Amino acid sequence: MEIVEGIGIGFAVILGAILFLFIRRALVTRSGGIIRLSVRTTTMLDGRGWAPGFGRFVGDELRWYRMFSFALRPGLVLSRKGLAVERRRLPEGQERFSMPADWVILRCTSHHAPVEIAMARSTVTGFLSWLEAAPPGAVSPRLASQDWPAA
């Protein structure tokens with residue numbers, strides 16, 4: 001009987017963990033603005049270190065939540081004010097096996113610290129427009145430094 005009880009308890013724990021992951025995702029994604037997003041958490045091995053997750057736009061922040069995590073807080077928060085895209089590239093080498101083929105990798109600087117994020121090619125346009133957007137009446141710092149022709 002002890003074996004059956006142990007199996008039952010193990011099954012209940014696993015079921016509870018899976019249920020918690022689904023509830024967590026529902027809480028995070030309830031108000032929309034969600035994109036599939038992978039973040040490179042380590043660069044120790046070339047082409048490795050990518051963690052899948054999803055990003056949520058909240059005001060001037062992009063909050064990244066790891067896909068398989070019990071944490072209710074985001075794993076990474078990128079502020080629009082200190083974020084700039086340095087370069088864009090396609091997945092290379094081992095990276096092609098860890099993400100879909102139509103994804104693009106963006107190397108960004110966030111408050112002088114580099115961060116690499118990967119997202120679908122169709123999502124990059126929306127991300128870049130969010131990054132360059134400014135509230136009504138304000139001038140985006142990314143656009144203020146450029147010389148625009150007089151209208």
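Two residues are in contact when they have heavy atoms within 4.5 Å of each other. Keep that handy for this tour of a predicted model, where local features need pLDDT of at least 70, side-chain atom pairs count only at pLDDT 80 or more, and totals for chains, interfaces and linings use all residues. Numbering runs from 1 along each chain as its sequence is written, and side-chain values use heavy atoms, with hydrogens and water left out.

**Stop one: Glu116**

Select Glu116, in strand β7 (residues 113–120); strands are DSSP runs of E, at least two residues, numbered from the N terminus. Now show what Glu116 touches: Ser38, Val39, Arg40, Trp50, Arg89, Ile105, Leu106 and Arg107, leaving aside residues up to four places away in sequence. Glu116 is buried at 9% relative accessible area (buried is under 20%, exposed over 50%, partly exposed in between, with a 1.4 Å probe and protein chains only).

**Stop two: the aromatics**

Over the whole structure, a search turns up 3 aromatic pairs (ring centres of Phe, Tyr or Trp, using Trp's six-membered ring, within 6.5 Å; planes under 30 degrees apart are stacked, over 60 edge-to-face, the rest tilted). Pick Phe57 and Trp130: they make a tilted pair, 5.0 Å centre to centre with 50° between the planes. This pair links distant parts of the chain, with Phe57 in strand β2 (residues 50–58) and Trp130 in helix α3 (residues 121–132), 73 residues apart. Phe57 is partly exposed at 23%, while Trp130 is buried at 11%.

Finally, view Phe57, Phe127 and Trp130 together as one aromatic cluster.

Notes: Helices (H or I, at least four residues) and strands (E, at least two) are DSSP runs, numbered from the N terminus.
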